[in-house]
Amino acid sequence: MADFLSIDFSNFAAFLMVAMVMMIIPGPDMAFIISRSVSGGRKQGIATAFGMQLGFIFHILIAVCGLSAILMTSTIAFQIVKYVGAVYLVYLGVKIIHEKQQITLDTQQKIHSSVWKSFTQGAITNILNPKNALFFLTFLPQFIKPAAGNTAFQFIFLGVVFGVMGLIFDILLTLLATA
């Protein structure tokens with residue numbers, strides 16, 4: 001309970017507003033959610049959204065542990081992650097185009113497999129996105145109050161709030177894309 005009191009709620013409304021603005025700005029995550037939703041339906045879109053939030057949790061944890069700082073200070077490490085992520089996105093795009101050309105009847109097992117694949121692809125896409133690491137290193141610290149104590153808890157709390165907001169937004173985006 002004492003950790004919860006370390007949150008600076010005087011800046012919390014500003015955090016929520018800025019986070020919301022950042023979520024509605026179109027970007028690769030939004031395009032990926034829409035493409036998976038349109039090509040695979042609601043279940044795949046929602047699975048992708050959950051996978052992407054798992055990727056955010058990964059970035060929150062590595063940022064709290066200080067690994068994001070190492071990634072951001074090492075140009076080589078940043079470039080490697082950046083290019084691996086770009087290659088993975090190209091691979092996914094080519095794979096989606098290829099799958100579209102192979103029209104087959106879906107069985108329940110194939111649908112379940114596709115949902116799991118969408119979840120996994122969403123997680124990998126976000127984990128390999130160096131912009132997410134940079135985001136957690138530059139955005140969240142603006143709302144952390146070291147004087148309140150337990151900065152790790154503050155960081156995790158704000159990251160989880162951002163993740164929940166992102167999940168809600170991504171699910172709404174999926175529902176709109178499949179409507």
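Me: Which residues form one aromatic cluster?
Reply: Phe 12, Phe 15, Phe 143, Phe 153 and Phe 157 do, where rings of Phe, Tyr and Trp (its six-membered ring) pair if their centres lie within 6.5 Å, and planes under 30 degrees apart count as stacked, over 60 as edge-to-face and the rest as tilted. This is a predicted model, in which local features need pLDDT of at least 70 and side-chain atom pairs count only at pLDDT 80 or more, while totals for chains, interfaces and linings use all residues. Residues are numbered from 1 along each chain as its sequence is written, and side-chain values use heavy atoms, with hydrogens and water left out.

Me: How many aromatic pairs does that rule give?
Reply: The count comes to six. In one of the pairs, the ring centres of Phe 12 and Phe 15 are 6.1 Å apart with planes at 25 degrees, so the two are stacked.

Me: Where do Phe 12 and Phe 15 lie?
Reply: Both are in helix H1, three residues apart, about one turn of the helix; helices are DSSP runs of H or I with at least four residues, numbered from the N terminus.

Me: Which residues of H1 are buried?
Reply: They are Phe 12, Phe 15, Ala 19 and Met 23, with buried meaning under 20% relative accessible area, exposed over 50% and partly exposed in between (1.4 Å probe, protein chains only).

Me: Switching to Trp 116, is that buried or exposed?
Reply: Trp 116 counts as exposed, at 55% relative accessibility, whereas Phe 119 is partly exposed, with a relative accessible area of 21%.

Conventions:
Helices (H or I, at least four residues) and strands (E, at least two) are DSSP runs, numbered from the N terminus.
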